[in-house]
Each structure stands twice: as structure tokens, then as C-alpha cells.
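This briefing concerns the structure shown below.

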Amino acid sequence: MGFFSNDGARTGLFFGATSGVITTIGLIAGLHAGTRSFTAVLGGIFVIAVADALSDALGIHLAEEADPNATQQHIWAATVTTFLTKFVVAISFAIPVLLLPLGPAVLASVAWGISVIAVLSYFIARAQQASPVAIIGEHVAIAVVVVVASHFIGAWVNAAFA
């Protein structure tokens, strides 16, 4: 398995991918509900891909440095993998936004995000020798809560302040 047999890289991969999905679909749902603006949604995706990926990478870096048993290789593998994974996953949501009308793009983005969460959850279940259905269901349910809450927050902000 090479690089991903490194605990730090595996941490960065799973954290970066999960954060990339959850943050980005929440942002897309909220901005769409609040603005109905292509520019706001696409700009939000690009900001998440850069600023939040750097933020998460620094957060993982500090969290791993706080572990007295972590090696420099582990710390940097987690840091770099978190940034790269979050960046790639977040930027992937720009594809449906660029190719589809905004409403269908939002739905396609949510479907893409749920699919990524389901695949990650499947691999976690296999590694834990647990029921994939239970773990996938739990993680997808959390993602759906994020999308629904973000949608209603965006709609509320629009109604209250627009």
C-alpha cells in the first residue's frame, strides 16, 4: 500500500477527504439557499479549497505535534496529505457547478459528496471489520444533517438580511 501505509498519510487522507466533502457541500447548500448566485457558490468552493485546506492542514499539523510519540515523518505526512486531499476534494465540486445550471449543480454536488463519504465509510468499516451498512448510514446521516442545516441557515440569512 506504500505511502498510505504511513499512519500520518492515512490520517491526512481520511480527514482531508471528509472535511473537504462536509465543508464544501455545507457551503454550497448554504450559499445557494442564501444567494442563488453562481459567483458566490463557485467563489466559495475556491476559497474552501485553498483557505480551509491550509487551515485544516495546520490544525492537523499542530494536533499531531501535540502527540509526544509522533515522528516528524508522521507529522508532515499528515499535514501534506490533509492539504492535498482537502484541496483536490473541495475543488472537485467546482466541476458540476461549471458544467450544470446552478440548481442541478447543487444536487449533483450533494450526490457526489454523499458518494465520497459512503466510499470512505466502506473502507473504514472494512478496516474495523464492522458492518459497512451501519457505518455508511451513520456517516451519510451526519452529512445530510450538515446539508439540511446549511440550507436552512442560508435561507434564514437571506430572509433576515437581504
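In the largest nonpolar core, which has 23 residues, Val 21, Ile 25, Ile 28, Val 41, Ile 45, Phe 93 and Val 97 touch the most other members. A nonpolar core is a set of buried Ala, Val, Leu, Ile, Met, Phe, Trp, Tyr and Cys residues joined through side-chain atoms within 4.5 Å; buried means under 20% relative accessible area, exposed over 50%, and partly exposed in between, with a 1.4 Å probe and protein chains only. The model is predicted: local features need pLDDT of at least 70, side-chain atom pairs count only at pLDDT 80 or more, and totals for chains, interfaces and linings use all residues. Residues are numbered from 1 along each chain as its sequence is written, and side-chain values use heavy atoms, with hydrogens and water left out.

- At least two residues of the largest nonpolar core come from each of α1, α2, α4 (94–99), α5 and α6; helices (H or I, at least four residues) are DSSP runs numbered from the N terminus.
- With eight residues, α5 gives the most to this core.
- In general, nonpolar side chains in soluble globular proteins tend to be buried together.
- Beyond its neighbours within four places in sequence, Val 97 is in contact (heavy atoms within 4.5 Å) with Phe 38, Val 41, Leu 42, Ile 45, Leu 102, Ala 105 and Ser 109.
- Thr 24 belongs to helix α1 and counts as buried because its relative accessibility is 0%.
- Not counting residues up to four places away in sequence, Thr 24 touches Ser 19, Ile 45, Ile 48, Ala 90 and Phe 93.

**Nonpolar surface patch**

- Phe 38, Ile 95, Leu 98, Leu 99 and Leu 100 form a nonpolar patch on the surface, and their accessible area together is about 510 Å².
- Such a patch joins nonpolar side chains (Val, Leu, Ile, Met, Phe, Trp, Tyr) within 5 Å, taken from residues with over 30% relative accessible area and no salt bridge; accessible areas come from the Shrake-Rupley method with a 1.4 Å probe, and for residues only the protein chains shown count as cover.
- Helix α4 provides the largest share of the nonpolar patch, three residues.
- Leu 98 lies in helix α4 and is exposed, at 52% relative accessible area.

**Salt bridges**

- The structure holds three salt bridges, each defined as a side-chain nitrogen of Lys or Arg within 4 Å of a carboxyl oxygen of Asp or Glu.
- Side chains of opposite charge can pair when their charged atoms come close.
- Asp 7 and Arg 10 meet through their side chains in a salt bridge of 2.2 Å, N to O; about one helical turn separates Asp 7 from Arg 10 because they are three residues apart in helix α1.
- Both ends of this pair are partly exposed, Asp 7 with a relative accessible area of 46% and Arg 10 with 31%.
- A salt bridge of 2.3 Å, N to O, joins the side chains of Asp 52 and Lys 86, and this pair links distant parts of the chain, with Asp 52 in helix α2 and Lys 86 in helix α3, 34 residues apart.
- The side chains of Asp 56 and Lys 86 form a salt bridge of 2.8 Å, N to O; Asp 56 lies in helix α2 and Lys 86 in helix α3, so this pair ties together parts that are 30 residues apart in sequence.
- Asp 56 and Lys 86 are both buried, and Lys 86 has a relative accessibility of 0%.
- Shared partners join Asp 52, Asp 56 and Lys 86 into one network of salt bridges.

**Polar contacts within helices and between them**

- His 139 is located in helix α6 and is partly exposed, with a relative accessible area of 24%.
- Its side chain and that of Ser 121 are joined by a polar contact of 2.7 Å, a pair of N or O atoms within 3.5 Å in which, within protein, one must be able to donate a hydrogen and the other to accept it, while residues adjacent in sequence count only if both atoms are side-chain atoms.
- Leaving aside neighbours within four places in sequence, His 139 is in contact with Ile 117, Ser 121 and Ile 124.
- Thr 81 lies in helix α3 (residues 72–92) and is buried, at 5% relative accessible area.
- A polar atom of the Thr 81 side chain lies 2.7 Å from the backbone oxygen of Ala 77.

**Positive phi angles in loops**

- Arg 36, which is not a glycine, has a positive phi near 55°; Arg 36 is found in the loop between α1 (7–35) and α2 (38–65) and is exposed, with a relative accessible area of 53%.
- Gln 129, likewise not a glycine, has a positive phi of about 50°; Gln 129 sits in the loop between α5 (102–128) and α6 (132–161) and is exposed, with a relative accessible area of 75%.

Note on methods. Patches are made of residues with over 30% relative accessible area and no salt bridge: like charges are joined within 9 Å, nonpolar side chains (Val, Leu, Ile, Met, Phe, Trp, Tyr) within 5 Å.
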